[in-house]
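Biologist: Before we discuss the terms, please put the model up.
Modeller: Here it is.

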Amino acid sequence: MQTIKDMISYVQENYDLLLLYTGQHLLMVVCGVFLALIAGTLLGIVCARYKKAAPFILALANIIQIIPSLALLAILMVYFGLGFYTVVAGLFLYSLLPIIRNTYVGLDQVDKSLVEAGHGIGMTYLQLLLKVQLPLAMPFIMAGLRIAAVIAVGVATIAPFVGGDGLGREIFSGINSRNDMRIFVGAIPASLLAIIADLILGRMERNMKYSTKPKTSQP
Amino acid sequence: MIRLEKVYKRYADGFQALTDINLDLEAGKIHVFIGPSGCGKSTTMKLINRLITPSEGKIFIDGEDITGVNPVQLRRKIGYVIQNIGLFPHMTISENVAVVPRLLKWDEDKIQNKVNELLSLVNLPPETYKNRYPGELSGGQQQRVGVIRALAAEPDIILMDEPFSALDPISREQLQDELTNLQENIQKTIIFVTHDMDEAIKIADNIVLMKAGEVVQVGTPEQILRHPANDFVKEFIGKKRLVEHRENPFLNSFDAEGVPSVKDVMIDKPVTASPSRGLASSLNLMEQRRVDSLIIVDKNRKLLGYAPILNVLSEISDETKVLADVMQSFKFAVKPDDPFTVALEFMGQNNAPYVPVVNDANVLVGAVTRGSIVRLMSEVYPVAEEVL
């Protein structure tokens, strides 16, 4: 009971710092995942178009995913130095696999007869991709984005090891000063961020599924 | 007018898909490409919108060699309907119909007018259907939309790849009728691929019969039925139809073809019931279908026996009884490939009104009835003209 009271008063005193950490945390995640969304979707499209390249691209992304997060960040630090960019680069690499894989699967599951119909009525490859395949693959791509975002929120907590900011700072301060309360004050918002990201992106994913409800207004 | 000249198609694995195809397809007619699966009918059709490129030979549309034309531009001028309908599920009906006009960058007003006009043409009121999604429509309605999508950009040529084969028989008949009616107004050059001879005879102005990558015979349905080029064509058209169309059945009766088999004679939907059906409802079914016995099958349509109306009536006062209690087993059944005389002989000797037809797994596929035999007789021996 005492700890909870202490925690509340600590948060009240330091809320501006905690908000800053949360903001930094989010910024790293959003930058890393956003870049991965662009690169991963493109790579996923390449995989779907050139089936022979798919195993290589997916294997490479898999290998990146297998490297322990701390090791990956440490290696990146050698090249990018301490700080924000190293963390963003790490989160970017970490988010690639789910996005590439889901884009690939999403495009691949589009009914072949729709692709045939699209070609047959005179769509170019790009028109087919933008008007038919990507819209129908959207729920899959969003699912990949959601997995990537949740992983990235977690990985971002070890940013302080390579000179990054974010809620990890509070957790590490807690560890260093043997202060359980500060560990909680860092860990709870980090977990909440992951849960919220999961909920919001999950809802977006469901909304992306093409509705079968009649449209009310003319497009 | 579409012209194919000495067209060959070989695939990289050495498979010879098409051999020396020469066709002149007249404008404004329905040309049906027909043949068994793998005969190259779809391949030939896809040459016309360059979904497939020939290995050798030339294809002309209105005198222009299309091998030099940009395939995307070409396809926008040729309507295309596929077997699996291929409506885009994330677009409304109106968006689906408008796809090609939008690719061609028509005015939005013109597009909307066209969409409304076309939907009305196939009896889908625009105000009801425009903003629905394909998933909300029945298969037949969806393929109507598939057909008008191909018409939207006012192409002169429409390619249809087995467009109605995935539909239920009733929708299929309706769409065939609608297509022929539609064609009277629009007068397009339609290339229609099918493997169903009934469909071909019904809708075609010109039939192109293919086998193993070669054209076997080209002609109107009437020409092909009356003068089949060879045994393959005879076989493909089917014995029944040849008999129907033979000018003088007395001069060349069955002997050339042999005796028709059971499957040519049988009715394929005899009145059946499950063994757990109650007696009163069985009686009702018999009254509705005007039969005096029910063939009893299990849920996999395996033949169990039959229930004559007398058995049903004698037990009807007992409400707990079901068909299984009054059922009798058949003494005899025939296979679809047996000569129909086997059935005839049994019916004659036992004074049986019908014989069930089962396949090797004892599943009911039809029945040879007195009515079906009378029908066969009238086909073989139509009323001679002198008598009329």
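**Terms and values**

Modeller: In chain A, 76% of the contacts with a separation of 6 or more join residues 24 or more positions apart; two residues are in contact if their C-beta atoms, placed from the backbone, lie within 7 Å. The model is predicted: local features need pLDDT of at least 70, side-chain atom pairs count only at pLDDT 80 or more, and totals for chains, interfaces and linings use all residues. Residues are numbered from 1 along each chain as its sequence is written, while chains are lettered from A and ligands numbered from 1 in the order in which they are written.

Biologist: What makes up the secondary structure of chain A?
Modeller: Chain A has eight helices and zero strands. Helices (H or I, at least four residues) and strands (E, at least two) are DSSP runs, numbered from the N terminus.

Biologist: Why is H3(A) called oblique to H4(A)?
Modeller: The axes of H3 (residues 69–80) and H4 (residues 84–108) of chain A come within 9 Å and cross at roughly 130 degrees. That angle makes H3(A) oblique to H4(A). Angles under 35 degrees count as roughly parallel, over 145 as roughly antiparallel, 65 to 115 as roughly perpendicular and the rest as oblique. Axes are lines fitted to C-alpha atoms, for helices over the stretch in contact, and angles run from 0 to 180 degrees between N-to-C directions.

Biologist: Which residues meet there?
Modeller: Among them are Leu72(A), Leu76(A) and Phe80(A) in H3(A), and Val87(A), Gly90(A) and Leu93(A) in H4(A). By class, this contact of H3(A) with H4(A) has ten nonpolar, three polar and no charged residues. Ala, Val, Leu, Ile, Met, Phe, Trp, Tyr, Cys and Pro count as nonpolar, Asp, Glu, Lys and Arg as charged, and the others, Gly among them, as polar.

Biologist: What makes H7(B) mostly covered?
Modeller: Ten of the 13 residues of H7(B) are buried (20 or more other C-beta atoms within 10 Å of the residue's own; exposed is 12 or fewer, partly exposed in between; C-beta atoms are placed from the backbone). Strand S6 (78–81) and helix H8 (169–186) of chain B are among the elements that cover the buried residues.

Biologist: How many residues of chain A are in contact with chain B?
Modeller: 19 residues of chain A are in contact with 22 residues of chain B. H5(A) gives the most to the chain A side, with six residues.
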